[in-house]
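Thank you all for making the time this morning. I would like to walk through one structure, and I will ask you to keep the view on the screen while I talk.

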Number of protein chains: 4
Amino acid sequence: MSTDATGIPTRRTYSYLGPAGTFTEAALGQVPEARDQIWRPVRNVAEALTDVVEGRSDAAMIAIENSIDGGVSTAQDALATMPGLRIVGEYLVPVNFVLVARPGVRLEDVSLIAAHPVAYAQCLQWLSAHLPEHAHLPAASNVASAVGIVDGVSDADAAISPPGILEHYDLELLASGIGDNANAVTRFVLVARTVAPPAPTGADKTSLIAELPDDHPGALLELLEQFSTRGINLSLIESRPIGDALGRYRFVIDADGHIQDERMADALLGLRRFSPKVIFLGSYPRADRAIVHYPERYSDDVFVEARDWLRGLISGEPEA
Amino acid sequence: MSTDATGIPTRRTYSYLGPAGTFTEAALGQVPEARDQIWRPVRNVAEALTDVVEGRSDAAMIAIENSIDGGVSTAQDALATMPGLRIVGEYLVPVNFVLVARPGVRLEDVSLIAAHPVAYAQCLQWLSAHLPEHAHLPAASNVASAVGIVDGVSDADAAISPPGILEHYDLELLASGIGDNANAVTRFVLVARTVAPPAPTGADKTSLIAELPDDHPGALLELLEQFSTRGINLSLIESRPIGDALGRYRFVIDADGHIQDERMADALLGLRRFSPKVIFLGSYPRADRAIVHYPERYSDDVFVEARDWLRGLISGEPEA
Amino acid sequence: MSTDATGIPTRRTYSYLGPAGTFTEAALGQVPEARDQIWRPVRNVAEALTDVVEGRSDAAMIAIENSIDGGVSTAQDALATMPGLRIVGEYLVPVNFVLVARPGVRLEDVSLIAAHPVAYAQCLQWLSAHLPEHAHLPAASNVASAVGIVDGVSDADAAISPPGILEHYDLELLASGIGDNANAVTRFVLVARTVAPPAPTGADKTSLIAELPDDHPGALLELLEQFSTRGINLSLIESRPIGDALGRYRFVIDADGHIQDERMADALLGLRRFSPKVIFLGSYPRADRAIVHYPERYSDDVFVEARDWLRGLISGEPEA
Amino acid sequence: MSTDATGIPTRRTYSYLGPAGTFTEAALGQVPEARDQIWRPVRNVAEALTDVVEGRSDAAMIAIENSIDGGVSTAQDALATMPGLRIVGEYLVPVNFVLVARPGVRLEDVSLIAAHPVAYAQCLQWLSAHLPEHAHLPAASNVASAVGIVDGVSDADAAISPPGILEHYDLELLASGIGDNANAVTRFVLVARTVAPPAPTGADKTSLIAELPDDHPGALLELLEQFSTRGINLSLIESRPIGDALGRYRFVIDADGHIQDERMADALLGLRRFSPKVIFLGSYPRADRAIVHYPERYSDDVFVEARDWLRGLISGEPEA
């Protein structure tokens with residue numbers, strides 16, 4: 001896809017949750033390599049990732065977590081079950097919402113509100129305070145919620161959307177800044193087919209999904225110890241049901257550091273030996289470029305020195 | 001509400017996610033005390049719980065977890081933030097789905113599918129296999145998805161609903177058994193205002209929500225140890241973002257046992273001392289009535305004996 | 001023993017390892033209550049403790065640990081196996097040694113050295129450097145080693161003794177300050193019959209001996225966690241064989257704090273529930289009077305508050 | 001030493017605690033390679049080990065632990081401080097004691113008892129029961145105790161010795177089988193200069209000494225976890241004071257397995273990274289030839305498979 005049959009470079013294709021105007025599109029706008037390439041709007045996360053797996057796209061931008069509602073379950077579950085994918089980048093998009101309606105509608109008239117479920121969850125405090133008896137009509141995206149009102153195909157009286165919606169559609173602003181947290185952000189990841197991880201930058205993150213060996217009290221403890229005993233901080237730990245029975249979980253984990261850091265490589269080895277199933281999703285630069293700090297005793301040279309020591313013991317060299 | 005002004009008993013009121021025909025209504029049907037009482041359909045979880053807090057209802061039935069999609073985030077978050085509530089019972093409802101459409105529509109015509117997001121997530125494998133290019137139109141409930149089609153207010157070509165929907169509406173069955181797991185169940189809890197927990201039955205569950213003291217590698221480990229060091233198994237552990245910043249979580253926990261079990265009381269004491277915020281949601285009989293097993297060393301009499309021993313040491317009695 | 005038949009106070013009796021001049025006597029000299037009382041020299045630790053158990057003495061002073069050679073095994077084992085005793089005080093004695101001989105003997109003549117084994121161990125570096133081919137003739141006390149030379153009943157050429165020996169006997173000083181550590185101290189404890197512990201001072205120590213439940217990899221870990229999870233530091237942890245088979249140990253522990261501290265009481269409860277045998281030896285003021293510091297989260301009021309909270313949960317009070 | 005200047009093999013030399021008749025000599029008798037070689041009796045453990053370090057001997061047999069009295073402190077401390085040594089074999093000697101005296105002496109006449117301190121500790125129960133008011137005169141070995149009586153240079157009335165003493169000296173048997181445990185054994189190790197460990201046999205033991213990084217509550221926990229998290233059982237764990245201050249310890253450890261076992265190599269790496277000082281004393285066949293059992297998840301092939309997996313991740317190969 002990146003070259004044609006004669007070796008001439010062709011444009012790359014990026015799948016994202018459309019239509020134009022979504023937060024996902026804003027995330028894709030942060031990717032320098034995606035400029036002037038083909039942007040392919042799709043209708044759900046599974047479709048975006050399937051595009052990548054089947055070669056229709058070079059990469060897909062998907063929402064993976066937001067600061068109010070937590071991990072995006074469908075994205076996590078898709079990554080857990082679709083092989084051949086790897087996260088290669090992370091992007092943060094500030095999230096803010098407005099309540100819009102057809103011209104003439106007043107706030108006190110609003111009873112049914114169209115909103116993408118994740119957006120809805122992020123405005124729940126505002127809604128409970130100002131429209132306590134509303135009902136929720138889930139929408140497929142933050143743009144679709146408003147489009148349905150404009151088109152008249154939706155029963156909803158009002159819609160929750162990003163502020164930019166007002167530039168594209170003839171809608172009345174009923175309230176702005178209705179998100180429960182002014183600092184809310186959504187975290188997106190760019191997903192490609194399996195490749196070698198980009199080189200460490202010192203400000204990296206490693207994503208993975210692991211299952212527990214069996215349902216005994218200490219199994220999750222033991223999983224977490226694989227990281228804590230190597231001085232590795234986890235920025236995300238979420239449980240997701242495996243789906244075969246109540247009480248069986250896999251864990252979605254973001255760990256500070258890169259697979260080529262000795263301590264992370266050692267933790268991954270420990271995890272692999274412990275867990276019946278580990279999916280490595282990738283090591284990639286953090287969106288915030290924050291350098292990862294860790295205790296000196298877990299630095300690369302400590303690991304290298306210990307291996308040299310062990311080698312000397314086995315060969316029978318006198319200790320220094 | 002249970003008695004009128006003259007002290008004469010009145011009927012109790014139960015709030016649930018309506019309309020008639022939802023899985024939530026089926027769960028309420030399992031409550032013997034709710035028979036012949038007032039069933040109050042509401043439009044969202046927050047409304048159901050607010051009914052209880054404000055005295056409009058005696059209890060609310062809400063979905064809390066399902067075997068495919070995991071914890072119901074909005075319910076967990078509502079319980080984490082609304083004080084004065086307590087879980088008093090647990091109920092399991094088998095979950096099965098059909099794909100329905102207006103008469104005359106064929107499966108190959110289906111492009112846009114109306115479905116409650118939780119139901120949608122439970123049918124994703126089937127949909128990816130049979131309708132890979134579909135789009136999802138989220139619906140407010142498993143009944144609303146189908147009603148929108150019948151009424152013609154929804155753009156959707158088909159809807160995901162419980163099988164019983166065919167008894168009430170003129171709809172065509174396109175496919176049945178489309179849930180990804182034939183054994184799927186949803187777990188519901190009955191929530192009342194704060195009361196003393198019902199007496200232990202030996203087959204009990206304790207639900208709670210706890211925050212971690214701060215974001216260091218070992219904090220979650222320490223939380224889990226409060227249970228594992230008292231021989232208590234956890235049947236549910238889910239993280240939910242607190243919402244003030246990325247990377248800050250509270251944990252939703254179901255633990256085997258009752259607050260009046262010595263080992264559970266001791267674990268709760270440890271948890272309270274450790275965590276900046278613990279919300280006790282209740283101890284109540286398990287839906288499956290499975291007796292809780294635990295190592296003999298954590299039985300009540302071991303705790304009682306140790307306290308007697310300590311008392312003797314402090315008073316200076318010679319050891320036996 | 002402290003009163004005679006007519007209720008008139010009588011003098012108290014203290015047993016100690018004699019004869020006069022031993023470090024143990026110096027330790028007893030630090031006890032204000034022992035001044036002008038009866039000091040009873042005995043020949044071994046078991047005899048001193050038996051005096052207490054059988055009522056011949058009110059208390060016994062015994063060496064329990066020194067900074068070079070570690071715990072005094074015979075004392076630890078006696079405390080582990082003789083019931084009815086309790087440590088009520090701790091005393092530190094600086095330890096220094098000289099090498100002495102009969103007048104006329106020169107250092108280069110010395111081949112066989114009489115020394116109490118503990119003293120011998122504390123001078124081993126000096127001896128290896130200055131008298132590498134010496135042999136050791138163990139003596140029953142630090143005074144007996146020198147007395148044997150004076151009396152001529154011992155074959156030894158020289159003896160290791162405390163410096164004060166020169167004031168009582170006609171001996172030649174061959175070398176002084178021969179201890180391997182100039183700051184060496186020996187720790188002594190005063191042992192009485194079982195009584196209520198003295199009141200907490202804020203600078204207390206708790207001594208105990210515990211067996212492990214069985215020989216599995218994690219048992220010692222679990223024992224140590226009883227303390228670490230309550231913020232309690234251990235100043236001493238020594239293993240001693242139980243004696244019935246190789247590989248079976250009991251652990252001698254000194255923990256910072258007092259049995260009436262909530263965190264220590266809770267740790268003792270946990271230990272009692274876990275261990276097949278726990279011997280509480282006493283809570284008593286530290287010899288160095290150093291105030292015990294611990295994380296604020298383990299303070300008494302945190303424990304009290306958690307118990308109040310638990311009581312409220314069980315009674316059904318709404319949470320504050 | 002094993003060859004002369006012309007390359008002709010010479011006899012090997014073995015140092016041991018003499019004189020002839022000690023338990024140490026019995027241990028050396030178990031070594032097939034030592035048959036018909038030079039046996040060099042010495043007077044203390046330090047002398048035996050110095051012989052090896054300085055090339056006067058090829059190996060030294062030393063007592064390291066007994067089932068009643070625990071680790072032999074002087075031997076442990078010597079191994080901790082003398083570099084260039086390695087344990088190459090382990091031997092067990094059953095330990096039994098008799099009480100002997102000059103002809104004509106009766107048990108009721110005995111007041112002062114000569115005994116090596118380790119032997120004395122193993123007979124303490126018998127002595128407390130039969131001779132409660134005895135005093136102890138420490139002897140340099142289990143043979144020297146009796147020789148002193150025969151020679152008349154010792155004040156002692158009786159001596160504790162191995163039963164074989166009666167074959168060599170004109171002594172009266174006052175009591176036999178006076179050891180507190182009929183199954184008592186002493187464990188000896190054969191120590192050579194640093195060499196490559198002998199090949200794994202499946203029934204191996206690894207001995208080491210480690211210091212803790214600093215005096216905080218969790219440091220010993222963390223040391224033990226290096227083994228428990230790799231499924232390695234410890235058959236010996238003893239604390240020994242480092243000697244520079246009260247409360248500072250090193251730990252003497254025997255772990256089941258061989259340095260060439262993957263799980264042991266990994267534990268040693270973890271230990272080296274954690275501890276400021278680790279002394280590897282050797283991997284060698286266990287005296288009892290008992291095969292080491294461990295959970296399947298810690299077998300060599302699990303480690304090898306995990307490394308292959310990690311290598312694939314880093315190179316970007318699609319996961320199988």
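This is a predicted model: local features need pLDDT of at least 70, side-chain atom pairs count only at pLDDT 80 or more; totals for chains, interfaces and linings use all residues.

For the complex, the predictor gives an ipTM of 0.83 and a pTM of 0.82, and chain A has an average pLDDT of 88, with 93% of the residues scoring at least 70.

The definition applies directly to a backbone feature in chain C. Arg289(C), although not a glycine, has a positive phi of about 55°, and this residue sits in the loop between S15 and helix H10 (300-315) of chain C. Is Arg289(C) buried or exposed? Because Arg289(C) has 10 C-beta neighbours inside 10 Å, it counts as exposed. A second case is found in chain D, where Asp36(D), again a residue other than glycine, has a positive phi near 65°. Asp36(D) is placed in the loop between helix H1 (23-28) and strand S2 (38-42) of chain D, and, since 8 other C-beta atoms lie within 10 Å, Asp36(D) is exposed.

Let me turn to how the chains meet, starting with chains C and D. Their contact takes 48 residues from chain C and 48 residues from chain D. On the side of chain C that touches chain D, the elements giving two or more residues include helix H3 (73-81), helix H8 (219-228) and strand S13 (234-241) of chain C.

The contact between chains B and A takes 49 residues from chain B and 49 residues from chain A. Among the elements that give two or more residues to the side of chain B that touches chain A are helix H4 (117-122), helix H5 (124-130), strand S8 (135-138) and strand S11 (185-193) of chain B. S13(B) provides the largest share of that side, eight residues, and the residues there divide into 24 nonpolar, 15 polar and ten charged.

Other chain pairs do not meet. Chain A and chain C have no contact, and their closest C-alpha atoms lie 12 Å apart; chain B and chain D do not touch either, with their nearest C-alpha atoms 12 Å apart.

Now to the interior. In soluble globular proteins, nonpolar side chains tend to be buried together. In this model the largest nonpolar core has 188 residues, and those touching the most other members include Ile62(A), Ala159(A), Ile62(B) and Val191(B). Leaving aside residues up to four places away in sequence, Ile62(B) touches Val45(B), Ala48(B), Ala75(B), Phe188(B), Val189(B) and Val191(B). There is also a second, separate core of 186 residues, which includes Leu208(C), Tyr16(D), Leu127(D) and Phe251(D).

Finally, two strands deserve a look. Strand S15 (residues 278-285) of chain C is mostly covered, six of its eight residues being buried, and seven bridges join it, antiparallel, to strand S12 (residues 204-211) of chain C, with Ser207(C) standing opposite Gly282(C). In strand S9 (residues 158-161) of chain D, Ala158(D) and Ile160(D) point one way, Ala159(D) and Ser161(D) the other way, and all are buried. Three bridges join S9(D) to strand S6 (residues 98-101) of chain D in an antiparallel run, where Leu99(D) stands opposite Ile160(D), whereas two bridges join S9(D) to strand S7 (residues 112-115) of chain D, and those strands run parallel, with Ile113(D) opposite Ala158(D).

Conventions:
Residues are numbered from 1 along each chain as its sequence is written. Chains are lettered from A and ligands numbered from 1 in the order in which they are written. Two residues are in contact if their C-beta atoms, placed from the backbone, lie within 7 Å. Helices (H or I, at least four residues) and strands (E, at least two) are DSSP runs, numbered from the N terminus. pLDDT is the predictor's confidence in each residue, from 0 to 100. A nonpolar core is a set of buried Ala, Val, Leu, Ile, Met, Phe, Trp, Tyr and Cys residues joined through C-beta atoms within 7 Å. A residue is buried if 20 or more other C-beta atoms lie within 10 Å of its own, exposed if 12 or fewer, and partly exposed in between; C-beta atoms are placed from the backbone. Two strands pair if DSSP finds at least two bridges between them. Ala, Val, Leu, Ile, Met, Phe, Trp, Tyr, Cys and Pro count as nonpolar, Asp, Glu, Lys and Arg as charged, and the others, Gly among them, as polar.
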